[in-house]
Amino acid sequence: MTLMTLQELQKRTMDMLSQAGIADAGRETRWLLKHALGVSDADLIAGGPSPSGDAVASVQTIAGRRAAGEPVSRIIGEKEFDGLSYKVTPDVLDPRMDTETLVAAACSRFKDHQPRQILDLGTGSGCILISLLKAFPESIGVGVDVSREALAVAQENAAQHGVAAQTFFIQGDWAESVNGSFDLIVSNPPYIPSGDIPNLDKEVRNYDPILALDGGFDGLQAYKKIFSQIKALFSQGGCGFFEVGILQAQDVARLAENAGFLVKGYHTDSAGILRVLEIDSGEK
């Protein structure tokens, strides 16, 4: 039996993904082959040893999953966020580049000093909190999630990135179980209106946990709950950053103001969309 060369397998896989409508089939093919075969970018460019028949079958299986709409991150079990690789499972939201806007905005706010304590509500994979703790090595972080399984993933990611000693994780419904005083509170809560869930892209609808997507009938229910709980948790002069959905920034800002917070402004993502609301505690 003639073995397929690595370059032939790469081309066949890329063709399969291209025919399935995958936009960046070349890059995703490289990710899948590196994961399945343990090869390097140099091997894929120069052509490494011919893979075994079992290895070819393994690549074809995962390529079929990708062609059917399963995200690469769900297949390989990891996703890059803010320059770091995070473990992801079906229990956590897939980290997205848009959310890096929140991290950048918070880092800009604290460019002259480090927050003493950071609270991340709905921490999921822990990517926001861990990225902030990498930027602020003197800070202590608290991550809260209602899902025990999500918290286990966040703990693994914190250990992997060397911030476990700075981090505490709590199972709870937003901030109801939290005590303390925080200079910085962040959250990327679910904000998709319930009626819009069936119309989401299948990569989101079928693979992200519904708890991390569904924001209730108007997409704003999580914000209402969070703003009702966090007033007493801010330190004097504390601030908060909250990711919002498209066209939601003004509505979320109104909820914040009604809860007694000062709206400091908005931060746009790479597409120019208002993606993050910045608030102050209202206490000076």
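The model is predicted, so local features need pLDDT of at least 70 and side-chain atom pairs count only at pLDDT 80 or more, while totals for chains, interfaces and linings use all residues. Residues are numbered from 1 along each chain as its sequence is written, and side-chain values use heavy atoms, leaving out hydrogens and water.

Let us start with helix α1, residues 6-19. Helices (H or I, at least four residues) and strands (E, at least two) are DSSP runs, numbered from the N terminus. Leu6, Leu9, Gln10, Thr13 and Leu17 of α1 are buried, where buried means under 20% relative accessible area, exposed over 50%, and partly exposed in between (1.4 Å probe, protein chains only). Seen down the helix axis, these buried residues fall within an arc of 100 degrees, so they line one face of α1; the arc is taken from the directions from the axis to the C-beta atoms. Arg12 and Gln19, on the other side of α1, are exposed. Just after α1 comes glycine 21, with a positive phi of about 85 degrees.

Now look at strand β6, residues 182-187. Six of its six residues are buried, so β6 is largely enclosed by the rest of the structure. Strands pair if DSSP finds at least two bridges between them. Strand β3 (residues 117-121) pairs with β6 in the parallel sense over four bridges, and aspartate 120 stands opposite valine 186 in β6. Strand β7 (residues 234-243) also runs parallel to β6, joined by five bridges, with phenylalanine 182 opposite phenylalanine 234 in β7.

Methods:
Expected span 1.5 Å × (residues − 1).
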